[in-house]
Amino acid sequence: TTYWNESELRLIRKLVNQLHERAASNDETLDVAVISGYGEQARRIRPDLRPHDPKWTHLTIDVHPVDSFQGQESDVVIYSVTRSNAENELGFLRSERRINVAMSRAQDALIIVGDHRFARQARGGENPFAKVLEHIKVSEGCVLEEPRK
(Lines give C-alpha, C1' and ligand atoms only; values in the text may rest on other atoms or scores of the structure.)
Protein backbone atom coordinates (compact mmCIF):
# COMPACT_ATOMS: atom_id res chain seq x y z
CA THR A 1 0.00 0.00 0.00
CA THR A 2 1.26 3.43 -0.88
CA TYR A 3 -0.11 6.88 -0.23
CA TRP A 4 -1.00 9.92 -2.28
CA ASN A 5 -2.42 13.32 -1.40
CA GLU A 6 -4.67 15.16 -3.88
CA SER A 7 -4.42 18.50 -2.06
CA GLU A 8 -0.66 18.44 -2.39
CA LEU A 9 -0.91 17.44 -6.05
CA ARG A 10 -3.05 20.51 -6.80
CA LEU A 11 -0.66 22.80 -4.94
CA ILE A 12 2.38 21.35 -6.71
CA ARG A 13 0.77 21.96 -10.11
CA LYS A 14 0.20 25.57 -9.11
CA LEU A 15 3.76 25.99 -7.81
CA VAL A 16 5.31 24.56 -10.98
CA ASN A 17 3.25 26.93 -13.10
CA GLN A 18 4.39 29.86 -10.93
CA LEU A 19 8.02 28.77 -11.26
CA HIS A 20 7.62 28.59 -15.02
CA GLU A 21 6.13 32.09 -15.19
CA ARG A 22 8.94 33.49 -13.04
CA ALA A 23 11.67 31.73 -15.02
CA ALA A 24 10.14 32.95 -18.29
CA SER A 25 9.93 36.54 -17.05
CA ASN A 26 13.62 36.35 -16.08
CA ASP A 27 14.51 34.57 -19.35
CA GLU A 28 16.17 31.70 -17.50
CA THR A 29 15.76 27.95 -17.39
CA LEU A 30 15.36 26.16 -14.07
CA ASP A 31 15.85 22.51 -13.25
CA VAL A 32 12.92 21.52 -11.03
CA ALA A 33 12.62 18.20 -9.23
CA VAL A 34 9.38 17.11 -7.63
CA ILE A 35 10.06 14.36 -5.11
CA SER A 36 7.92 12.43 -2.67
CA GLY A 37 8.42 9.82 0.00
CA TYR A 38 5.73 7.80 -1.75
CA GLY A 39 5.95 6.34 -5.24
CA GLU A 40 2.20 6.67 -5.81
CA GLN A 41 2.39 10.43 -5.25
CA ALA A 42 5.17 10.68 -7.85
CA ARG A 43 3.24 8.43 -10.24
CA ARG A 44 0.14 10.64 -9.97
CA ILE A 45 1.94 13.96 -10.45
CA ARG A 46 3.99 12.85 -13.49
CA PRO A 47 1.08 12.83 -16.01
CA ASP A 48 -0.15 16.23 -14.82
CA LEU A 49 3.22 17.92 -15.17
CA ARG A 50 4.32 15.91 -18.22
CA PRO A 51 8.00 16.60 -17.58
CA HIS A 52 9.00 16.54 -21.27
CA ASP A 53 6.07 18.65 -22.48
CA PRO A 54 7.28 21.42 -24.82
CA LYS A 55 5.09 23.94 -22.95
CA TRP A 56 7.80 24.03 -20.25
CA THR A 57 10.00 26.38 -22.25
CA HIS A 58 11.83 27.56 -19.13
CA LEU A 59 11.76 24.47 -16.92
CA THR A 60 13.36 21.07 -16.97
CA ILE A 61 11.17 18.90 -14.75
CA ASP A 62 11.92 15.56 -13.09
CA VAL A 63 9.49 13.67 -10.86
CA HIS A 64 10.82 10.97 -8.52
CA PRO A 65 10.22 9.10 -5.31
CA VAL A 66 12.87 10.25 -2.80
CA ASP A 67 14.70 6.92 -2.93
CA SER A 68 15.36 7.19 -6.67
CA PHE A 69 16.55 10.82 -6.41
CA GLN A 70 19.47 10.08 -4.09
CA GLY A 71 22.73 11.49 -5.48
CA GLN A 72 21.00 13.98 -7.79
CA GLU A 73 20.52 17.74 -7.45
CA SER A 74 18.25 20.35 -8.95
CA ASP A 75 17.94 24.15 -8.88
CA VAL A 76 14.55 23.87 -7.18
CA VAL A 77 13.25 20.85 -5.29
CA ILE A 78 9.60 20.52 -4.38
CA TYR A 79 9.27 17.88 -1.68
CA SER A 80 5.79 16.44 -1.25
CA VAL A 81 5.47 15.03 2.26
CA THR A 82 2.21 13.33 1.14
CA ARG A 83 1.35 11.74 4.48
CA SER A 84 -1.27 13.27 6.78
CA ASN A 85 -3.54 11.30 9.08
CA ALA A 86 -5.58 11.64 12.25
CA GLU A 87 -3.38 9.07 14.01
CA ASN A 88 -0.29 11.29 13.50
CA GLU A 89 1.70 8.33 12.18
CA LEU A 90 4.66 9.18 9.93
CA GLY A 91 5.40 5.62 8.89
CA PHE A 92 8.66 5.23 7.00
CA LEU A 93 8.85 9.02 6.47
CA ARG A 94 10.46 8.93 9.90
CA SER A 95 13.67 7.77 8.19
CA GLU A 96 16.39 10.39 8.65
CA ARG A 97 18.14 9.13 5.51
CA ARG A 98 15.08 9.92 3.39
CA ILE A 99 14.66 13.32 5.06
CA ASN A 100 18.33 14.07 4.43
CA VAL A 101 17.96 13.25 0.72
CA ALA A 102 14.82 15.37 0.45
CA MET A 103 16.32 18.35 2.27
CA SER A 104 19.76 18.39 0.69
CA ARG A 105 19.19 18.17 -3.07
CA ALA A 106 18.13 21.75 -3.88
CA GLN A 107 20.81 24.12 -5.12
CA ASP A 108 18.73 27.32 -4.95
CA ALA A 109 15.36 26.65 -3.32
CA LEU A 110 13.58 23.91 -1.39
CA ILE A 111 9.80 23.99 -1.23
CA ILE A 112 8.20 21.55 1.19
CA VAL A 113 4.54 20.85 0.52
CA GLY A 114 2.76 19.16 3.39
CA ASP A 115 0.60 19.36 6.45
CA HIS A 116 2.85 21.17 8.93
CA ARG A 117 0.51 20.51 11.85
CA PHE A 118 0.63 16.78 11.18
CA ALA A 119 4.40 16.84 10.66
CA ARG A 120 4.96 18.73 13.91
CA GLN A 121 2.73 16.41 15.96
CA ALA A 122 3.72 13.05 14.48
CA ARG A 123 4.51 10.55 17.17
CA GLY A 124 5.76 7.03 17.65
CA GLY A 125 9.48 7.65 18.00
CA GLU A 126 11.90 10.20 16.60
CA ASN A 127 10.22 12.84 14.44
CA PRO A 128 12.72 14.47 12.06
CA PHE A 129 10.06 16.85 10.71
CA ALA A 130 9.83 18.60 14.09
CA LYS A 131 13.49 19.62 13.68
CA VAL A 132 12.88 20.80 10.12
CA LEU A 133 9.91 22.91 11.20
CA GLU A 134 11.91 24.42 14.06
CA HIS A 135 14.70 25.30 11.61
CA ILE A 136 12.18 26.99 9.30
CA LYS A 137 10.76 28.94 12.24
CA VAL A 138 14.11 30.40 13.36
CA SER A 139 16.01 30.75 10.08
CA GLU A 140 16.20 33.89 8.00
CA GLY A 141 15.01 33.27 4.46
CA CYS A 142 12.71 30.40 5.45
CA VAL A 143 8.95 30.86 5.43
CA LEU A 144 6.06 28.70 6.56
CA GLU A 145 2.86 29.69 4.80
CA GLU A 146 -0.61 28.33 4.28
CA PRO A 147 -1.67 27.84 0.65
CA ARG A 148 -3.81 30.57 -0.81
CA LYS A 149 -7.27 29.54 -1.92
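Q: Which residue is the bridge partner of Ser 74 in E4?
A: Keep in mind that this model is predicted. Strand E3 covers residues 74-80 and strand E4 covers residues 106-113, and six bridges join the two. In E4, Ser 74 has as its bridge partner Ala 106.

Q: What handedness does the β-α-β unit of E3, helix H4 and E4 have?
A: Helix H4 spans residues 96-103 and makes up this unit together with E3 and E4. The two strands are parallel. The handedness of the unit is right-handed.

Q: Which strands are the edge strands of the sheet?
A: Four strands make an open sheet, with parallel pairing, in the order E2-E1-E3-E4. An edge strand here pairs on one side only, and that picks out E2 (59-65) and E4.

Q: What angle does the direction of helix H2 make with that of E2?
A: Within the sheet, neighbouring strands are turned by 20° on average, direction ignored. Helix H2 (residues 39-49) packs on this sheet and touches E1, E2 and E3. Its direction and that of E2 make an angle of about 155°.

Q: Which element gives the largest share of the lining of the largest pocket?
A: This pocket has a volume of about 1,500 Å³, and 40 residues line it, with Leu 15 and Ile 111 among the closest to its centre. H1, E4, H5 and H6 each supply at least two lining residues. The largest share, ten residues, comes from H1.

Key:
Residues numbered from 1 in each chain as written. Predicted model: local features only at pLDDT ≥ 70, side-chain atom pairs only at ≥ 80, totals over all residues. Heavy atoms only, no water. Pairing = 2+ DSSP bridges. Right-handed = clockwise from strand over helix to strand, strands pointing away. Axes fitted to C-alpha atoms, helices over the stretch in contact; angles between N-to-C directions. Contact = heavy atoms within 4.5 Å. 1 Å grid on protein atoms, 1.4 Å probe; cavity = no way out; pocket = protein on both sides within 12 Å on 5 of 7 lines; lining within 4 Å. Points joined across faces, edges and corners; volume = space filled by probe spheres on them.
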